[in-house]
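Good morning, and thank you for making time for this presentation.

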Amino acid sequence: MAYDRGTGDAYTGPLRRLLLVVLALFLILLFLVWRIDSPRVERFRAQVVDSVVPRMDWAMVPVTAGVNIVRDFQSYNQLYEQNQELRRELRKMSAWKEAALQLRQENARLRDLNNVQLDPRLTYITGVVLADSGSPFRQSVLINVGSRDGIVDGWATMDGIGLVGRVSGVGSNTSRVILLTDTTSRIPAEIQPSGQRVIVAGDNSAAPPIDFLENPDLVRPGDRIVTTGDGEVFPPGLLIGQVAQDPGGRLRARLAADYERLEFLRVLRDHGARRVESASGLILPRDLPDAGDPLPEPLPDEPNDG
Amino acid sequence: MAEKNAAHLWLLRASYVMLALLFMFANLLPLKTTPQSWVGPDFLVAMTFAWALRRPEYVPMLSIAAVFLLADFLLHRPPGLWTLLVLLLSEWLKKRDRQVRENTFAAEWVTMAGAMFTLFLAYRMVLSILLVETGAFSLWAMQYGMTVAAYPLVVGLSYIAFGIRRTGPGETDHSGRKT
C-alpha cells in the first residue's frame, strides 16, 4: 500500500520492502533450482497438481460435459445430412466387417499353428482426462491415474487408435501426458513402407513436422508413421499417423489419434522402458559412467534441458 | 465502522484469491486439446494489475505471490519466474497509483500496457537466455494485444461486481486514514 509518506507507515514501509526482497529472492531461487535440477522440481509440481486438480474435479466434470452438450446441440442442425452420411458409411462398413471377421479367423488359425504368445508387456491402464495444460503455449493433459495405479514416467499413451503422448510427471493420483503436439515432444519414428528413421518433433501445431528425414523422395503423403524402439523411448510399432505435405512443401505427421476429443487414454505398460533417474539419464548412452544406473551422480556441467 | 471496514477489506482480499482460482479452473477445463491458433487475454494478470493500480490494499504481496506461484505450477510454466515478474511489476504499479489516480483513464491504461509489455518482454528474454522453449512469438503478441484490450472490461467488471474504483481526493482507506 503505497502510502509510504504517511506517518502510520513508518513501520510497515521497511517491513514491506523486506518482505518483497525475501519473496523475490525465494522466487529467483526456485526458478534457478528448476533450471538446474528440473526433475526434482517437476516431481514437486506433480505433487502440487496431484493435491489441487482432483479437488476441482467435482466442478470440472459437469462444466466440461455441459459445454460439450451445447457444442453437440449446435451440430443438430446438420443432423439429417449426418444421418444419411452415416448410413452410407455403415453400408461400406458392414462389407469391411465381413472381411475383418474372415481375416480374424484366418489369423487365429495361423497363430494357433505357430503357437504364438501375445506380448504380455503390452497391457494397458485406461485413464480419464481431467484437465488440459491450461496454457496456449503447452500441449499436455492430466489423467486420473498415477503412481498408485503403477504408472511410471516415460510410458506411452494412446487413444484407441494412435499414439497420443508420453507420461511426464507422475503424482500419486494424477499424471501428466505431454502430447505429441507440444514443443518439447520429440519421438523417434519410422516411415513405412520405406523404413526411414525420422523424428516427429512437436511445434505447437496440429500436425507436427517430420525432422531428420534422410531421403524425402522415398516418402509420399499417406505413408504410415510408427514408433521405433530407438533410444528405448517407446515400444516399437505404435501407430503415430500418416505423412502429409503442408502447402509449404514440408512433410508433417497427420496424427492418427483424435486430438479433438481426448477423453479416455490408454497408458501402455512398458517394463523395458528406461527410467529417467538422473539429470542426463535419457541423453547419454547407458554404458557411460555418468549415464545413470551404475553411478547416479550427474555431471555438474552437463547441459540439462528441462 | 472500523470493524466493518476491516471485514470488507478481508472479504475483497479473499475474493481476489477466489477469482484467481476461478480463472485457473477455467483454463484447466479440458475443452480444447488441439493446439490453438488464437489466444484469449490473460485475465489473471489484467485483474491483478487493475486492482494494484486502483485499490492496492486488496492485492497484498503475499496473495499475489501465492496465487501466481500456484498458477505457475498448475499451468505448466517454469515455476517462479512469471510470479516474480508479476510481483515486482504490481509493486511498481502500487507505487504509481497516486499519480495515476489524479490522471485520466487513458493514462492508467497506458501505464498498464507498459507494465504488461515489460512483463512479457522480460519473461521471454530470461527464458531465451536460459534456453527454455518459450512458444511462438505470434501467440505471445496476440495474448499481449488481447490482454491490453481486455483491460477496460476487467476494470468495468471489477467496478460493477466489487466496487473497485479509483480513490478520489479526500477519501479514506480501510483504516480511516486519508489517502
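Predicted model: local features only at pLDDT ≥ 70, side-chain atom pairs only at ≥ 80, totals over all residues.

At what angle do helix α5 and helix α6 of chain B pack, and how far apart are their axes? Helix α5 (residues 105–129) of chain B and helix α6 (residues 137–162) of chain B meet at an angle of about 155°, and their axes are 10 Å apart. Axes here are lines fitted to C-alpha atoms, for helices over the stretch in contact, and angles run from 0 to 180 degrees between N-to-C directions. Helices (H or I, at least four residues) and strands (E, at least two) are DSSP runs, numbered from the N terminus.

Residues are numbered from 1 along each chain as its sequence is written, while chains are lettered from A and ligands numbered from 1 in the order in which they are written.

To return to the helix pair, α5(B) and α6(B) are therefore roughly antiparallel to each other, a term for angles over 145 degrees. From α5(B), the contact (C-beta atoms, placed from the backbone, within 7 Å) draws on residues including Trp109(B), Phe117(B) and Arg124(B). From α6(B), Trp140(B), Tyr144(B) and Thr147(B) are among them. By class, the residues of this contact are 10 nonpolar, 1 polar and 1 charged. Here Ala, Val, Leu, Ile, Met, Phe, Trp, Tyr, Cys and Pro count as nonpolar, Asp, Glu, Lys and Arg as charged, and the others, Gly among them, as polar.

How does chain B meet chain A? In this interface, 42 residues of chain B are in contact with 49 residues of chain A. On the side of chain B that touches chain A, two or more residues come from each of α1 (2–28), α3 (61–74) and α4 (81–101) of chain B. Of these, α4(B) gives the most, with 10 residues. That side of chain B divides into 24 nonpolar, 9 polar and 9 charged residues.

One residue of helix α1 of chain B deserves a mention, namely Asn27(B). With 20 C-beta neighbours inside 10 Å, Asn27(B) counts as buried, the cut-off being 20 or more other C-beta atoms within that distance. Not counting residues up to four places away in sequence, Asn27(B) touches Gly134(A) and Leu75(B).

I turn now to chain A, which has 3 helices and 12 strands. Buried residues make up 31% of its 306 residues. An open sheet of 6 strands runs in the order β8-β7-β6-β9-β10-β11 (chain A), with antiparallel pairing; strands pair if DSSP finds at least two bridges between them. At the edges stand β8 (210–211) and β11 (251–255) of chain A, each with a single partner strand, so one side of each is left without a neighbour in the sheet.

Within this sheet, strand β6 (residues 186–192) of chain A pairs with strand β7 (residues 196–201) of chain A over 6 bridges. Pro188(A) has Ile199(A) in β7(A) as its bridge partner. In turn, Ile199(A) is the bridge partner of Asp211(A) in β8(A). The hairpin of β6(A) and β7(A) has 3 residues between the strands, and Gly195(A) there takes a positive phi near 75°. β6(A) is also joined by 4 bridges to strand β9 (residues 224–227) of chain A, where Thr227(A) stands opposite Ala189(A).

Conventions:
Parallel < 35°, antiparallel > 145°, perpendicular 65-115°, else oblique. Contact = placed C-beta atoms within 7 Å. Buried ≥ 20, exposed ≤ 12 C-beta atoms within 10 Å, placed from the backbone.
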